[in-house]
Every structure is written in structure tokens, then in C-alpha cells.
Amino acid sequence: MNYKIDLTIITITFNNENELLETYNSVEKLIIDYGVNHIIINGGSKLKNISKFQSYIIQEKDTGIYNALNKGVNKVKTNNLMFLHSGDIIYDIGALLNLFNLKKNKSLDLIIAKTRIGINSENKIRYHSSKFWRPWMLKFHCQPPHLATIYSTSLYLAFEFNEYLFIISDFYMFKNFFS
């Protein structure tokens, strides 16, 4: 085992076990070699391959994405967390380790990176970069890539996702953190 990383990755899923397995395979090395905790919140039917996962698994109905994220955040015992939804993949573990160490060495509350997003079956890729993003852009409802962010868990002591905002609760999360 390499050095331990004080990080929990939260993955939410709903009847999406094939993509969940892809996500898990991308973080398994982090779990085994670096002691990263992994929480899976499954709001759909029971997972068939549950023995495959070296993760803390919550399998119960939820009322949506933000309810599932709140359940995950409430189970985090590390000082840092990040979100990686079912079907999302960490392509470069070295980049994640560098990002984590930069956050730790500079004592940052959060650190934002860039995301590479597959658009369709033709393997077209879209980049969602934080390079040019600045907090003032929140005034224009422009948010950074939340799935490429490592957060200090302490930020969530006074914040909970609003489950009634459906698709923009993560925007209000950033607005809260940067206010």
C-alpha cells in the first residue's frame, strides 16, 4: 500500500449497475493502494454484484439525486470528499493524487480541476475546465465542474443540498461556499 489519502468518494446510482462497475473499476486502485473510502448510494433495485465492491453501500429508496448525495455526505468520516456519479470515471489517478496533495499543502477548502465528458457513442469528448472559471462568475449562474472538485468535509457542516431544487442544488452549493 502506498501512503493513505484522507478522501471519500461518493457515488450515486439508480438502476445503473453496468456503469457503476465502470466507475468502481476506475477507483478500485485508490481504495486498495491509497485507503480511499468509497460510498455508493443505490436508490434503485438491489445490486447483483455487491460482493465486487470494496465500498460502503447504502441500498434504499431516495427522493432524488440530492437526497442521495446528502445521505452520502452524512456518512463521510474523512476530512475530504468528492463526487463521482455512476458512469463517471477517473482516468488519471496521478492527476487526482497531485490535486489532493496541492489542496492539502496549501490548506485549501476546495480545489477544482477539469473534467472530460463523453458526449455520445461516437466517443466525442467535451472538456469542462476550471482554468478560466472565477467565483464572480456565479453572479451569472456559471459554475465550475463539481465532479472534478475535492472538498473539505467541514464545508458540509453548515450546508445540505436542497432536495427541492432538482437540478441546480449544486450551483447553490458553490454559491454558498464562495459567499
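Which strand is isoleucine 57 found in? I looked it up: isoleucine 57 is in strand E3, residues 56-59.

**Ground rules.** I'm working with a predicted model, where local features need pLDDT of at least 70, side-chain atom pairs count only at pLDDT 80 or more, and totals for chains, interfaces and linings use all residues. Residues are numbered from 1 along each chain as its sequence is written, and side-chain values use heavy atoms, with hydrogens and water left out. The element names come from DSSP runs numbered from the N terminus: helices are H or I with at least four residues, strands are E with at least two.

**Isoleucine 57.** I checked how open this residue is, and its relative accessibility of 22% makes isoleucine 57 partly exposed. For the cut-offs, I noted that buried is under 20% relative accessible area, exposed is over 50%, and partly exposed is in between (1.4 Å probe, protein chains only). Next I looked for contacts (heavy atoms within 4.5 Å). Skipping neighbours within four places in sequence, I found isoleucine 57 in contact with Ile40, Leu47 and Ile50. I also got 5.8 Å between the C-alpha atoms of isoleucine 57 and isoleucine 39, which sit 18 residues apart along the chain.

**Helix H1.** Does its length agree with what 1.5 Å a residue predicts, or disagree? The 18 residues of H1 should span 26 Å, and the end C-alpha atoms are 24 Å apart, so the two agree. I had to remember that the expected span is 1.5 Å times one less than the number of residues.

H1 has a kink of about 45°, centred on valine 27. That bend is the angle between axes fitted to the seven residues ending there and the seven starting there. Valine 27 is also one of the buried residues of H1, and others among them are Leu20, Leu21, Tyr24 and Leu30. I looked up what the buried residues pack against: strand E1 (8-13), E2 and helix H3 (93-105). Just after H1, I spotted glycine 35 with a positive phi of about 70°.

**Salt bridges.** Side chains of opposite charge can pair when their charged atoms come close. The rule I used is a side-chain nitrogen of Lys or Arg within 4 Å of a carboxyl oxygen of Asp or Glu. How many salt bridges does that rule give? I counted 3.

- Lysine 52 meets glutamate 28 at 3.7 Å, N to O. Lysine 52 is partly exposed, at 33%.
- Aspartate 33 meets lysine 29 at 2.5 Å, N to O. They are 4 residues apart in H1, so about one helical turn separates them.
- Glutamate 60 pairs with lysine 71, the closest N and O atoms being 2.9 Å apart. Glutamate 60 lies in the loop between E3 and helix H2 (65-75) and lysine 71 in H2, so the pair ties together parts 11 residues apart in sequence. Lysine 71 is buried at 18%, while glutamate 60 is partly exposed at 41%.

**Aromatic rings.** I found 18 aromatic pairs in the structure. In one, tryptophan 136 and phenylalanine 140 have ring centres 6.2 Å apart and planes at 85°, so I call the pair edge-to-face. Rings of Phe, Tyr and Trp (its six-membered ring) pair if their centres lie within 6.5 Å, with planes under 30 degrees apart stacked, over 60 edge-to-face and the rest tilted. Phenylalanine 140 is exposed, at 62%. Ring pairs also link a cluster that includes Tyr66, Phe83, Trp133 and Phe178.
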